[in-house]
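Hello,

Here is the structure I promised to hand over. Please look through it first; my notes follow below.

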Amino acid sequence: MIRLIALVICLWSFGADANVPLSLDGHAVEGGLMFGKTDAQARVTLDKKSVLVSKEGHFLIGFGRDSAGIKNLEVALRNEIVRREINVVDRDFKIERINGLPGKKVTPDPKAIARIAKEKAQITDAKRASDSTPHYLSGFGWPVIGRLSGVYGSQRVLNGKPRRPHYGTDVAAPTGSPVRAIAAGRVAFVHSGMFFNGKTVLIDHGLGLRSVYIHLSDAKVTKDAYVAAGDVIGAVGATGRATGPHLHFGVTHNATPIDPEVLLGEMPR
Ligand SMILES: [Zn+2]
């Protein structure tokens with residue numbers, strides 16, 4: 001479970017400052033996401049890098065797994081600039097060892113490597129167009145309720161071989177359990193069976209925020225459809241590289257993987 005005390009401390013909000021309106025809330029922790037609102041005409045940068053602002057003045061800031069430290073937010077409007085130091089809190093992530101996976105899926109053969117590369121390019125392509133509407137204002141909810149079987153940021157060692165950190169949350173649930181959209185958005189990508197991910201749905205929640213749902217037994221949406229928060233988009237399965245039926249879902253802001261548990265809060269029971 002997430003360290004709720006740390007998150008409460010990190011939940012902050014600012015009021016108006018001089019003539020530049022700025023509000024920020026969310027979680028300034030590794031894997032956290034902050035929700036900003038300013039004037040529609042404002043220019044926003046984080047550590048000098050431009051941040052997309054919607055035509056209503058909404059913006060998002062995501063913090064990666066190894067992002068602890070001070071970030072400098074600047075919001076410029078006409079001749080004024082408001083500066084905020086955001087202290088991103090460090091977290092510890094666990095190491096998970098998983099054995100007994102079919103060797104083929106741990107060390108893919110050349111044919112599989114070509115297929116994996118093609119599928120990766122398809123996802124990259126689906127992420128190229130970003131929706132500038134902040135659909136995420138719908139609010140967030142858990143896609144499925146079940147036992148948490150994998151957490152964000154853990155480093156997996158598969159059959160003794162270290163892999164990239166686990167960038168998502170795993171919820172074990174029976175095959176066929178409905179999977180719901182964590183927030184409103186547009187379906188950006190549907191795949192019937194990827195090498196690692198199996199049946200996959202990707203939703204664009206606007207301003208670079210996306211969620212992906214993998215290992216599905218069924219996908220109930222088609223590309224470019226709009227979904228509301230909580231709409232059923234698929235069903236839990238064990239397709240692709242999965243040892244049993246569960247939903248792996250991930251959240252990214254642009255290229256930064258966000259911790260779904262930090263975003264969604266504790267799973268309701
Ligand atoms: Zn997973």
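**Between the domains**

Domain 1 and domain 2 have 0 salt bridges between them (a side-chain nitrogen of Lys or Arg within 4 Å of a carboxyl oxygen of Asp or Glu). This is a predicted model: local features need pLDDT of at least 70, side-chain atom pairs count only at pLDDT 80 or more, and totals for chains, interfaces and linings use all residues. Residues are numbered from 1 along each chain as its sequence is written, and side-chain values use heavy atoms, with hydrogens and water left out.

Domain 1 covers 4–88 and domain 2 covers 95–264; the bounds come from an automatic or database domain assignment. In contact (heavy atoms within 4.5 Å) are 18 residues of domain 1 and 21 residues of domain 2. The two domains bury about 1500 Å² between them, 71% of it on carbon and sulfur atoms. That is accessible area (1.4 Å probe) lost on being put together, summed over both. In domain 1, Leu-33, Leu-60 and Arg-65 lose the most area to domain 2, together 38% of what that side buries.

**Aromatic rings**

There are 6 aromatic pairs. Rings of Phe, Tyr and Trp (its six-membered ring) pair if their centres lie within 6.5 Å; planes under 30 degrees apart are stacked, over 60 edge-to-face, the rest tilted. Phe-35 and Phe-140 have ring centres 5.9 Å apart and planes at 50°, so this pair is tilted. Ring pairs join Phe-35, Tyr-136 and Phe-140 into a cluster. Trp-142 and Phe-249 have centres 5.8 Å apart and planes at 75°, so their pair is edge-to-face.

Best wishes
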